[in-house]
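Try each task before reading its solution.

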Amino acid sequence: MNITETLLNGCYVIEPAVYTDERGLFYESYQKKRFDEKIGLPIEFIQDNHSESRKGTLRGLHFQKGEYAQSKLVRVVKGAVLDVVVDLRKNSETFGEHFKVKLSDKNRKSLFIPKGMAHGFLALEDETIFTYKCDNYYNKESESGVVFNDLDLNIDWEYNENEMIISPKDLVLPTFKSLLV
């Protein structure tokens, strides 16, 4: 397992060791002891989530506030996504910056997102299956987000916005600047 820190402090791309032979392939998508050693923190995942999306579906940018903030370990089981993370931690050297990476069933990469970051993804293929482990329970009253096309964040989603499928709720998320007030 190769774990590399991204340009956002505490956010890591994980690439598994893949073993192939005439039968197919095998890899560990997660192994707690190695993961905790590489990240430098003991993370206790307590909830797994699963979503399926059509090509062009954008979900995010989401996060939970306060005591229900979540660290996440995300990956694609089938298909591909453009995954985007925004650092919302005011005391972080990378506050206000974003990182994006393509995750797919072909590259088998995972992404660890620490608490205090907004997260979203754009499905690049039909029937994309996206899973994530969370270290805290979902709490509706604590959910929040940042609108995907925030001008200050200037995220290039590498996709025509007119062709995106976005929930009405995600279209009216607050701006990055409004979170600073």
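**Exercises on ring pairs**

Phe 130 is buried, with 0% relative accessible area. The model is a predicted one.

**Exercise 1.** Which kind of aromatic pair do Phe 130 and Tyr 132 form?

*Solution.* Start with the general rule: a ring pair is described by the distance of the centres and the angle of the planes. The centres of Phe 130 and Tyr 132 are 5.7 Å apart.

**Exercise 2.** Is Tyr 132 buried, partly exposed or exposed?

*Solution.* Buried requires under 20% relative accessible area, and exposed requires over 50%. Tyr 132 has 22% relative accessibility, so Tyr 132 counts as partly exposed.

**Exercise 3.** How many aromatic pairs does the structure hold, and why is the pair of Tyr 30 and Phe 45 edge-to-face?

*Solution.* The structure holds seven aromatic pairs. In the pair of Tyr 30 and Phe 45, the ring centres are 5.6 Å apart. The planes stand at 75°, so this pair is edge-to-face. Now place the two residues on the chain. Tyr 30 sits in the loop between strand E4 (24-26) and helix H1 (32-39). Phe 45 sits in the loop between H1 and strand E5 (47-53). The two are 15 residues apart, and their pair links distant parts of the chain.

**Exercise 4.** Describe the surroundings of Tyr 30 and Phe 45.

*Solution.* Take accessibility to begin. Tyr 30, at 24%, is partly exposed. Phe 45, at 15%, is buried. Next, the neighbours. Ring pairs link Tyr 30 and Phe 45 with Phe 35 and Phe 112 into a cluster. Lys 133 lies over the face of Tyr 30, 5.4 Å from the ring centre.

Note on methods. Residues numbered from 1 in each chain as written. Predicted model: local features only at pLDDT ≥ 70, side-chain atom pairs only at ≥ 80, totals over all residues. Heavy atoms only, no water. Phe/Tyr/Trp six-rings, centres within 6.5 Å; stacked < 30°, edge-to-face > 60°. Helix = DSSP H or I, 4+ residues; strand = E, 2+ residues; numbered from the N terminus. Buried < 20%, exposed > 50% of the residue type's maximum accessible area, 1.4 Å probe, protein only. Lys NZ or Arg CZ within 6 Å of the ring centre and 35° of its normal.
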